[in-house]
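This report accompanies the sequence and structure displayed below. Please read the text with both at hand.

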Amino acid sequence: MSSPTFPLRTEMDRQRAIQILQRVDLEAGMVWSLREEARSDAMNRRMWAMLRDISRQVDWYGQKLSDEDWKHIFSASVEKQRAVPGLDGGFVVLGVSTRKKSKRWFSDMFEVMEAFAAERGVKFTTADHWGIAA
């Protein structure tokens, strides 16, 4: 049996999933998994547009940081990450990948980014630059 993957948004989707599970050979050693829907392309575009605006407008302790640097800072805030001493001095933030984060997680990150930007007077580009409605 192939491994079907599809969103669960309607009652028809739920019934489709139930039908698939009812056909599973219980002696085949299968594993079933359910996860939150990953970020959309629109959310990804919005994140990078916001990061670009912040990186262009904010000096962080006397430094200009890249879009990627800001992504690490905001994702670390959402994840409540820890920093540990580095091997050669300094500190290392224990990382997180945003690639497979859920839509709910991204909503949390956008809230953190928007609050940060508001405190520092960052002006975001308009929503049409994000490719999504505001």
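## Overall architecture

The model described here is predicted. Its chain contains five helices and four strands, arranged along the sequence in the order α-α-β-β-α-β-β-α-α.

The radius of gyration of the chain is 20 Å, whereas a compact globule of 134 residues would have a value near 14 Å. The C-alpha trace extends over about 60 × 45 × 20 Å along its principal axes. Of the contacts between residues at least 6 apart in sequence, 53% join residues at least 24 apart.

## Surface and burial

Buried residues account for 27% of the 134 residues in the chain. The accessible surface amounts to about 9900 Å², and carbon and sulfur atoms contribute 52% of that area.

## Charged side chains and salt bridges

The chain carries 21 positive and 19 negative side chains. The centres of these two sets are 2 Å apart. Side chains of opposite charge can pair when their charged atoms come close. In the whole structure, seven salt bridges are found.

One of these salt bridges joins the side chains of Glu-114 and Arg-46, with an N to O distance of 2.3 Å. Glu-114 belongs to helix H4 (residues 103-120) and Arg-46 to helix H2 (residues 41-57), so this pair ties together parts that lie 68 residues apart in sequence. Arg-46 counts as buried at 17% relative accessibility, while Glu-114, with a relative accessible area of 32%, is partly exposed.

Lys-64 and Asp-59 meet through their side chains at 3.6 Å, N to O; Asp-59 counts as exposed, at 52% relative accessibility. Arg-120 pairs with Glu-119, and their closest N and O atoms are 3.0 Å apart. Within this pair, Arg-120 is partly exposed at 38% relative accessibility, and Glu-119 is exposed with a relative accessible area of 63%.

## Asp-53, a buried residue without a salt bridge

Which side chain of opposite charge is nearest to Asp-53, and how far away is it? Asp-53, located in helix H2, is buried yet has no salt bridge. The nearest side chain of opposite charge is that of Arg-52, 4.3 Å away.

Beyond its neighbours within four places in sequence, Asp-53 is in contact with Val-122, Lys-123, Phe-124 and Thr-125.

Val-58 is situated in the loop between H2 and strand S1 (59-60). Is this residue buried or exposed? With a relative accessible area of 4%, Val-58 is buried.

When residues up to four places away in sequence are not counted, Val-58 touches Gln-63, Lys-64, Trp-70, Phe-116, Arg-120 and Val-122. Among them, Lys-64 takes part in the salt bridge with Asp-59, and Arg-120 in the one with Glu-119. Leu-94 lies 36 residues from Val-58 along the chain, and the C-alpha atoms of the two are separated by 24 Å.

Definitions and conventions. Residues numbered from 1 in each chain as written. Predicted model: local features only at pLDDT ≥ 70, side-chain atom pairs only at ≥ 80, totals over all residues. Heavy atoms only, no water. Helix = DSSP H or I, 4+ residues; strand = E, 2+ residues; numbered from the N terminus. Rg over C-alpha atoms; globule rule 2.2 N^0.38 Å. Buried < 20%, exposed > 50% of the residue type's maximum accessible area, 1.4 Å probe, protein only. Contact = heavy atoms within 4.5 Å. Areas by Shrake-Rupley, 256 points an atom, 1.4 Å probe, with all protein chains shown as cover. Lys, Arg positive; Asp, Glu negative; His and termini not counted. Charge placed at Lys NZ, Arg CZ, Asp CG, Glu CD. Salt bridge = Lys/Arg side-chain N within 4 Å of Asp/Glu carboxyl O.
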